Amino acid sequence: MSKVTVEEWTARFRAIGLDDAAMEQWHRLFERENPEGHQEFLEWLGLPAERIAAIRKHHA
């Protein structure tokens, strides 16, 4: 199974009408309700550990 890139994921969000504010809200909700799942999702996207830490800190 091939990986989905961050750019592809973002494009899908935009295709369904999510703007930057809605994507921020999605990340905050994911981090609050399922921090381990959020971590795993970001890893699945292939992000480096430093970027994952920054995203999670920003959305905590």
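**Close-up views of salt bridges and a helix crossing**

**View 1. A pair within helix H2.** Arg 28 and Glu 24 both sit in helix H2, four residues apart, or about one turn of the helix. This is a predicted model. A salt bridge joins Arg 28 to Glu 24, with the closest N and O atoms 3.3 Å apart. Arg 28 is partly exposed because its relative accessibility is 39%. Glu 24 also counts as partly exposed, at 26% relative accessibility.

**View 2. A pair between helices H2 and H4.** Glu 31 and Arg 56 form a salt bridge, their closest N and O atoms lying 2.8 Å apart. Distant parts of the chain are linked here: Glu 31 belongs to helix H2 and Arg 56 to helix H4 (residues 49-58), 25 residues apart. Glu 31 has a relative accessible area of 11%, so it is buried. Arg 56, at 21% relative accessibility, is partly exposed.

**View 3. The crossing of H1 and H2.** The axes of helix H1 (residues 6-15) and helix H2 (residues 20-33) come within 10 Å and cross at roughly 115°. The crossing is right-handed. H1 contributes Trp 9, Thr 10, Phe 13 and Arg 14 to the contact; H2 contributes Asp 20, Met 23 and Trp 26. By class, four of these residues are nonpolar, one is polar and two are charged.

**View 4. Arg 14 and Asp 20.** Side chains of opposite charge can pair when their charged atoms come close. Arg 14 and Asp 20 meet through their side chains in a salt bridge, at 2.5 Å from N to O. Arg 14 is partly exposed, with 43% relative accessibility. A search of the whole structure gives three salt bridges.

Technical notes: Residues are numbered from 1 along each chain as its sequence is written. This is a predicted model: local features need pLDDT of at least 70, side-chain atom pairs count only at pLDDT 80 or more; totals for chains, interfaces and linings use all residues. Side-chain values use heavy atoms; hydrogens and water are left out. Axes are lines fitted to C-alpha atoms, for helices over the stretch in contact, and angles run from 0 to 180 degrees between N-to-C directions. Helices (H or I, at least four residues) and strands (E, at least two) are DSSP runs, numbered from the N terminus. A crossing is left-handed if the near helix is turned anticlockwise from the far one by less than a right angle, and right-handed if clockwise. Contact means heavy atoms within 4.5 Å. Ala, Val, Leu, Ile, Met, Phe, Trp, Tyr, Cys and Pro count as nonpolar, Asp, Glu, Lys and Arg as charged, and the others, Gly among them, as polar. A salt bridge is a side-chain nitrogen of Lys or Arg within 4 Å of a carboxyl oxygen of Asp or Glu. Buried means under 20% relative accessible area, exposed over 50%, partly exposed in between (1.4 Å probe, protein chains only).
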